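Visitor: I would like to learn to read this model feature by feature. Where shall we begin?

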Amino acid sequence: MPLVDDIHTLRDRAMADLNAAQDYFGHGKIAWFVLRQVIAARPAFVIRNNVTGTATNQPDLVDKAETYVARELTQATFQQFISIFEAFFFDLLRLWLLAYPQHLMGRKVDFKTVLDAPDKDAVTLAVVNKELNEVLYERPADWFAYLNDKVKLGCPTMDEIERIAEAKASRDALVHNRGVAGRAYLLKAGKLARHKEGEQIDILQDYHRQTWELIRKVVADISNAAIAKAA
Amino acid sequence: MIDAITERPLVVKNTGGGPVLFDVPASQLKEIQALLDGHGIRYSVEEYFIAFDGKPETTAIYFGHAVDSKKIQSVLDSAG
């Protein structure tokens, strides 16, 4: 069963990537905690970055270490969690639609796409990719509605979908709005919005951990349900 | 509040990620949490505890931008 095997591989890869991101977060924090202590006990030093011109002395590096722990590492790995989930979700949809292309029976194809394609599989892949590219720009609630329309998995729960939508909205605000909760955040986060308009988006440790656990659960649930359907 | 390891007051630091209480002795964590809970201050405790050079374990408490560092410091100072 190639589809079942492919979903197994996809699930295991997403889980491994999530674990690696969580380990990187933990190890990164420990490294900065240790360095912070070591720096305080060292003779005075100045480090100059020949590329940016930035000069950093002991107190600067201690301050930066604290911000790296409290913000940079947390935000970077949080964004990684969301990216891993998005890649997993759309790779799964791609696998499913390539296995069952009749779901896209009504789609129209440019004649150029047909002429440029070496075979029928290439045409199918082009149609699937175009379809998924359009779904990607929808809200997460619509992603799951689309998934359920193509294959009724019975998961995730509505509460999980709303939590993922809020996490995605937080990620979007970090990436596209300098970490400030704007109207787009409020709209996307819905009733689970954690911030008011204009507030800085916080990714605290407990929220970071809960999001990681949520994504792991949803990846496992969706994969296992899809495997059961495909088998 | 006095740090049981250094015997100096606990001091809240402002970081780019909001206020943080670093180097919190693990032995005082519950007491600090009770104090913060009593004042309705939201926080998140670091998952790692580190012991340097055989000294007692320490950790960190993160507050996020929504909490004013002066308020946190005042609550800690009020505990003596």
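Guide: Start with a pair of helices. The model is predicted. In chain A, the axes of helix H5 (residues 140-150) and helix H6 (residues 158-176) come within 8 Å and cross at roughly 135°.

Visitor: How are H5(A) and H6(A) oriented to each other, given that angle?

Guide: Angles over 145 degrees count as roughly antiparallel, and those under 35 as roughly parallel. The angle here is roughly 135°. H5(A) and H6(A) are therefore oblique to each other.

Visitor: Which residues make the contact of H5(A) with H6(A)?

Guide: H5(A) supplies Pro140(A), Ala141(A), Trp143(A) and Phe144(A). From H6(A) come Ile161(A), Ile164(A), Ala165(A) and Lys168(A). By class, that gives seven nonpolar residues, no polar ones and one charged.

Visitor: What should I look for in the backbone?

Guide: Most peptide bonds are trans, and most residues other than glycine have a negative phi. The bond joining Cys155(A) and Pro156(A) is cis, with omega at about -5°. Pro156(A) sits in the loop between H5 and H6 of chain A.

Visitor: Which residue other than glycine has a positive phi, and where does Arg178(A) lie?

Guide: Arg178(A) has a phi near 55°, a positive value, and is not a glycine. Its place is in the loop between H6 and helix H7 (183-189) of chain A.

Visitor: Back to helix packing. How do H1(A) and H2(A) pack?

Guide: Read the angle and the axis distance together. H1(A) and H2(A) pack at about 180°, and their axes are 9 Å apart. The two helices are therefore roughly antiparallel to each other. Their contact has 24 nonpolar, six polar and eight charged residues.

Visitor: What is the angle between H2(A) and H8(A)?

Guide: Helix H2 (residues 58-99) and helix H8 (residues 205-230) of chain A pack at about 10°, with axes 10 Å apart. H2(A) and H8(A) are therefore roughly parallel to each other. The residues of this contact divide into 16 nonpolar, six polar and one charged.

Visitor: Now the interface. How many residues of chain B and of chain A are in contact?

Guide: Begin with counts, then area. 22 residues of chain B are in contact with 19 residues of chain A. The two chains bury about 1900 Å² between them, 59% of it on carbon and sulfur atoms.

Visitor: What about salt bridges and polar contacts between the chains?

Guide: Count them, then inspect a pair. There are five salt bridges between chain B and chain A. In one of them, the side chains of Asp23(B) and Arg36(A) meet at 2.9 Å, N to O.

Visitor: Which elements of chain B give two or more residues to the side that touches chain A?

Guide: Strand E1 (13-15), strand E2 (18-25), strand E3 (44-45) and strand E4 (58-62) of chain B do. E2(B) gives the most, with three residues. By class, that side of chain B has 11 nonpolar, six polar and five charged residues.

Definitions and conventions. Residues numbered from 1 in each chain as written. Chains lettered and ligands numbered in written order. Predicted model: local features only at pLDDT ≥ 70, side-chain atom pairs only at ≥ 80, totals over all residues. Heavy atoms only, no water. Axes fitted to C-alpha atoms, helices over the stretch in contact; angles between N-to-C directions. Helix = DSSP H or I, 4+ residues; strand = E, 2+ residues; numbered from the N terminus. Parallel < 35°, antiparallel > 145°, perpendicular 65-115°, else oblique. Nonpolar A, V, L, I, M, F, W, Y, C, P; charged D, E, K, R; others polar. Contact = heavy atoms within 4.5 Å. Buried area = accessible area lost by both parts, 1.4 Å probe. Salt bridge = Lys/Arg side-chain N within 4 Å of Asp/Glu carboxyl O.
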